[in-house]
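Below are my notes on the model, as numbered points. Please read them alongside the coordinates.

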Amino acid sequence: MSKNIGLWIDHRKANIMFITESGEETKLIISNVERQRRRLGGSPLKGAFERIRFSNDINEKRNFKIHLSIYYDSVIACIQNAESILIMGPGEAKHELKARMEEKKLDEKISAVETVGFITENRLKRRIRDFYATHHKKG
């Protein structure tokens, strides 16, 4: 059974749509990743910068990347059996997911990576259907 997948992803959530001969199904994965906090206080260029705060920044960045890796692996677990994958999103997450898929030798399944801003679920579904109707007629 052929399975085409379209997904919209950012660092907070992934909205996934599965298209098969038997119909469509959607799934939402929430990342539970906290956004990186902005530095409080002075900057290293202006002085008044604490080394302790700098090491905390490094730890926060490391934890952020670890949590993102877990999130991307959860998304990949859902989509790895696809024949074709359309990845969309507004920022870096779509490229980070693609890189993670390349590490796992799944990049040959990626049909396209597109920049798409925030979108309603209905418009997302329509965009995915249109993509596969014009680019990947299978079945």
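1. L7 has I16 as its bridge partner in β2. The strands β1 and β2 pair (DSSP finds at least two bridges between paired strands) in the antiparallel sense, over seven bridges. They form a hairpin with three residues between them. Helices (H or I, at least four residues) and strands (E, at least two) are DSSP runs, numbered from the N terminus.

2. This is a predicted model: local features need pLDDT of at least 70, side-chain atom pairs count only at pLDDT 80 or more, and totals for chains, interfaces and linings use all residues. Residues are numbered from 1 along each chain as its sequence is written, and side-chain values use heavy atoms, with hydrogens and water left out.

3. Strand β3 (residues 23-30) runs antiparallel to β2, with eight bridges joining the two, and a hairpin links them through two residues. Seven of the eight residues of β2 are buried, so β2 is largely enclosed by the rest of the structure. Buried means under 20% relative accessible area, exposed over 50%, and partly exposed in between (1.4 Å probe, protein chains only).

4. Over the whole chain there are three helices and five strands, in the order β-β-β-α-β-α-β-α from the N terminus. Of its 139 residues, 36% count as buried. Contact means heavy atoms within 4.5 Å; among contacts between residues at least 6 apart in sequence, 64% join residues at least 24 apart.

5. Which residues touch the most other members of the largest nonpolar core? They are L7, I9, I16, V75, L97 and M101, in a core of 23 residues. At least two residues of this core come from each of β1 (3-9), β2 (13-20), α1 (51-79), β4 (84-89) and α2. The most come from α1, which gives seven. Apart from this core lies another, of eleven residues, including M88, A112, V116 and L124. A nonpolar core is a set of buried Ala, Val, Leu, Ile, Met, Phe, Trp, Tyr and Cys residues joined through side-chain atoms within 4.5 Å.

6. Leaving aside residues up to four places away in sequence, I9 touches A14, Y71, Y72, V75, I87, M88, G89, P90, A93, K94 and L97.

7. In helix α2 (residues 93-103) the buried residues are A93, K94, L97, R100 and M101. They cover an arc of only 125 degrees around the axis, which puts them on the same side of α2; the arc is that of the directions from the helix axis to the C-beta atoms. After α2 comes K105, with a positive phi near 60 degrees.
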